[in-house]
Amino acid sequence: MNLHEYQAKKLFSEYGIAVPPGLPAHSIEEALRHADSLDGPGGWVVKAQVHAGGRGKAGGVKLTRDLGEIERIVRGLLGTRLVTKQSGPEGQPIDCVLIAKQVLLEKEFYLGMLLDRSKSRITIIASSEGGMDIEQVAAEHPEKITRVLIDPILGLERHQCGRIGFGFGLNDLQRKDLNGILLALYRLFIEKDLSLVEINPLGVTREGRLLALDAKIAVDDNALFRQSALEEWRDPNQLDPKEAIAKRYDLNYVALDGDIGCMVNGAGLAMATMDIIKLRGGAPANFLDVGGGTTAEKVAEAFKLIVSDPKVRVILVNIFGGIVRCDLIADGVIKAVRDVGIKVPVVVRLEGTKVEQGRELLKQSDLAIVTAEDLDEAARKAVAAARGG
């Protein structure tokens with residue numbers, strides 16, 4: 001679950017990480033009040049609050065020294081959608097802006113912390129070249145990126161903080177600031193069950209102190225049961241509408257760009273299904289895991305999700321009946337196809353307990369359901385159907 005910048009900065013402040021003064025605004029009137037209360041010689045920065053990076057290059061971050069211009073900027077952002085390299089072509093809705101004091105910087109750094117699953121370690125990623133072009137720096141100058149693995153038993157050690165401070169070329173006071181920031185980020189990461197925390201840029205002010213100019217936080221969805229306060233910060237408007245519906249029915253759904261809708265039980269099997277579709281020349285329209293203990297109701301909701309995507313030309317159902325018998329799955333598929341009114345071809349591959357009975361039920365139905373004996377055959381038939389075959 002992603003947090004907005006103003007929410008992430010609130011957490012930063014609670015953990016003692018310095019951020020510029022700023023307040024969220026959901027209306028022009030609120031934005032003007034905040035700007036007036038944050039008046040200062042440096043002017044203001046107005047930042048669109050969306051769950052996507054690249055806001056600056058997309059026009060979602062505006063600087064001004066004119067209080068009268070705040071209204072024009074906010075009016076041009078609120079109620080629109082911001083399209084960035086990370087948002088997709090539809091963009092993300094702007095329902096809130098952050099009004100903050102503009103801070104003049106002498107130097108910008110990048111600082112992030114994430115879970116490196118290949119190493120089973122929390123990892124610090126740091127670069128002396130921060131700012132909007134950090135992706136370009138990582139691609140063209142990987143030597144400017146420092147990675148530090150944190151031992152889960154020893155925790156973050158001061159010599160590791162010192163290594164990053166040395167790479168940044170900081171003086172003694174700034175290294176002390178950095179040590180405090182890194183230790184606070186690590187504590188925040190652990191205590192709030194984060195999967196990512198990012199500061200870009202981490203700036204050196206003209207007074208020579210470190211300040212987190214931006215903040216990005218992602219919380220591990222699997223740990224939200226013990227982070228109820230953060231769960232309340234979820235912004236459903238930033239989710240794909242179909243993904244929001246999927247969450248309601250405990251379905252794991254991610255929209256993709258292809259035309260073959262997929263309904264599978266099990267994340268690993270879903271990934272394998274998408275791989276086979278690609279191997280056979282097709283393109284999956286979604287990742288959809290209905291779970292091991294799926295029911296007829298969940299199958300029906302899964303079909304509704306899939307057909308709500310106008311790009312879908314065929315649906316591939318790939319179910320392994322272990323916890324739930326294949327005959328019950330087949331009965332649920334038949335009922336769902338009838339009730340939902342599916343107008344596109346449906347290819348079904350079943351395997352597992354009572355698979356023969358399940359296949360027989362599908363064959364005896366009066367519906368245009370195509371059966372397949374194995375996953376490769378199912379993928380071939382789905383790709384052929386998507387091409388009009």
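Let's start with two helices: α2 (residues 28–37) and α3 (residues 67–77) pack at an angle of about 145°, and their axes are 10 Å apart. Axes here are lines fitted to C-alpha atoms, for helices over the stretch in contact, and angles run from 0 to 180 degrees between N-to-C directions. Helices (H or I, at least four residues) and strands (E, at least two) are DSSP runs, numbered from the N terminus. This is a predicted model, where local features need pLDDT of at least 70 and side-chain atom pairs count only at pLDDT 80 or more, while totals for chains, interfaces and linings use all residues. Residues are numbered from 1 along each chain as its sequence is written, and side-chain values use heavy atoms, with hydrogens and water left out.

**The α2–α3 pair**

- The crossing of α2 and α3 is right-handed, a label used if the near helix is turned clockwise from the far one by less than a right angle.
- On the α2 side, Ile28, Ala31, Leu32, Ala35 and Asp36 meet Leu67, Ile70, Glu71, Val74 and Arg75 of α3; contact means heavy atoms within 4.5 Å.
- Sort the residues of this α2–α3 contact by type and you get seven nonpolar, no polar and three charged. Ala, Val, Leu, Ile, Met, Phe, Trp, Tyr, Cys and Pro count as nonpolar, Asp, Glu, Lys and Arg as charged, and the others, Gly among them, as polar.

**The sheet**

- Four strands make an open sheet in the order β1-β6-β2-β3, with antiparallel pairing; two strands pair if DSSP finds at least two bridges between them.
- At the edges sit β1 (22–25) and β3 (61–64), each pairing on one side only.
- From one strand to the next, the twist averages 20°.
- Strands β2 (residues 44–48) and β6 (residues 97–101) run antiparallel and are joined by five bridges. Val46 stands opposite Ile99 in β6, and Val45 stands opposite Ala100 in β6.
- β1 and β6 are also antiparallel, with four bridges between them; Pro24 has Leu98 in β6 as its bridge partner.
- Four of the five residues of β6 are buried, that is, under 20% relative accessible area, with exposed meaning over 50% and partly exposed in between (1.4 Å probe, protein chains only).

**Helices on the sheet**

- α2 lies across β1, β2 and β6, and runs at about 170° to β1.
- α3 packs on the sheet too, touching β2, β3 and β6, and its direction makes about 5° with that of β2.

**Helix α12**

- Val355, Gly358, Arg359 and Leu362 are buried in α12 (residues 355–364).
- Looking down the axis of α12, these buried residues fall within an arc of 95°, so they line one face of the helix. The arc is that of the directions from the helix axis to the C-beta atoms.
- Glu356 and Gln364, on the other side of α12, are exposed.
- What do the buried residues of α12 pack against? Their partners are α11 (326–340), β17 (346–352) and β18 (369–372).

**Val290**

- Look for Val290 in the loop between β15 (286–289) and α10 (296–307).
- Val290 is buried, with a relative accessible area of 0%.
- Leaving aside neighbours within four places in sequence, Val290 is in contact with Leu251, Met263, Val264, Asn265, Lys298, Ala302 and Ile319.
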